[in-house]
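Visitor: I would like to learn how to read a few features of a model. Could you take me through them one at a time?

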Amino acid sequence: MIYCVEDEENIRELIVYTLEATGFEAEGFPDAGGLWAALRRGLPELIILDIMLPGEDGYAILRELKSDPSWREIPVIMVTAMGTEYDKVRGLEAGADDYITKPFGMMEFVARVKAVLRRCSPSPGEKELRLGDLCVNVSRRSVTWKEQPIELTRREFQLLQYLLENQGLVMSRDQLLCQIWGYDFAGETRTVDVHIRTLRQKLGEAGNLIETVRGVGYRIRE
Ligand code: CA
């Protein structure tokens, strides 16, 4: 079950419709009141949360969610019409798992929902990410390509893990900075390029899996 809080009726209906068409169960609410009532009935796998809402805004709702032990673990994707770096950072800093800027395409939206669910699903035993001959063991922090070990620094490992967990999605440099370095470095996007370069070098043949999307960022193809 996915809950969506969005006051604009047509966006809310489109989101619920798209999620249901993709095979999820979804329920939409125009404001915080509906969400609180629903949370008392049952916990969702994910909450889609608009920022600009009548009454309690998205940030206030997020704060409440994160301060309650029984709700804290529910992943949240913030939806923002504002799309400034400040808003993104503020949402991520407050504990959102991802943000998406309006207007957005439904394909991208669904890809992000799936990525957040993949990232947040509890992993029994060892967590491994695989793509062809590339194997990343998250529990052991080890990487192999065609069974051969590859040594990475902590940042390079996090970068590779994050790209793999978001397979198929383009991650902007700013997003990578926020997620991996923390927002303090915002603006220092060259840091990302330098790490991608060394990561590609160390991965050798597997380095080709990381695709540069000109003017935007990086992605690993699905
Ligand atoms: Ca709104």
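Visitor: Where does Thr80 sit?
Guide: Strands are DSSP runs of E with at least two residues, helices are runs of H or I with at least four, and both are numbered from the N terminus. Thr80 belongs to strand β4, residues 76-80. This is a predicted model: local features need pLDDT of at least 70 and side-chain atom pairs pLDDT 80 or more, while totals for chains, interfaces and linings use all residues. Residues are numbered from 1 along each chain as its sequence is written, and side-chain values use heavy atoms, with hydrogens and water left out.

Visitor: Is Thr80 buried or exposed?
Guide: Buried means under 20% relative accessible area, exposed over 50%, and partly exposed in between, using a 1.4 Å probe and protein chains only. Thr80 counts as buried because its relative accessibility is 1%. Contact means heavy atoms within 4.5 Å. Leaving out residues up to four places away in sequence, Thr80 touches Ile51, Asp87, Ile100, Thr101 and Lys102.

Visitor: Which residues coordinate the calcium ion?
Guide: Donors are N, O and S atoms within 2.8 Å of the metal (3.2 Å for Na, K and Ca); water is not among the atoms, so sites may look incomplete. Here the calcium ion is coordinated by Asp7 (OD), Asp50 (OD) and Met52 (O), at 2.1 to 2.3 Å. Asp50 counts as buried, at 2% relative accessibility, whereas Met52 counts as exposed, at 53%.

Visitor: In what order do the four strands of the open sheet lie?
Guide: Two strands pair if DSSP finds at least two bridges between them. The order is β6-β7-β8-β9, with antiparallel pairing. β6 (128-131) and β9 stand at the edges with a single partner strand each, so one side of each has no neighbour in the sheet. From one strand to the next, the twist averages 25°. Axes are lines fitted to C-alpha atoms, for helices over the stretch in contact, and angles run from 0 to 180 degrees between N-to-C directions. Helix α6 (residues 154-165) packs on the sheet and touches β6, β7 and β8; its direction makes about 110° with that of β7.

Visitor: How many residues lie between β8 and β9 in their hairpin?
Guide: Two, and Lys146 in that turn has a positive phi of about 50°. The hairpin of β7 and β8 has four residues between the strands, with Arg141 in the turn at a positive phi of about 55°.
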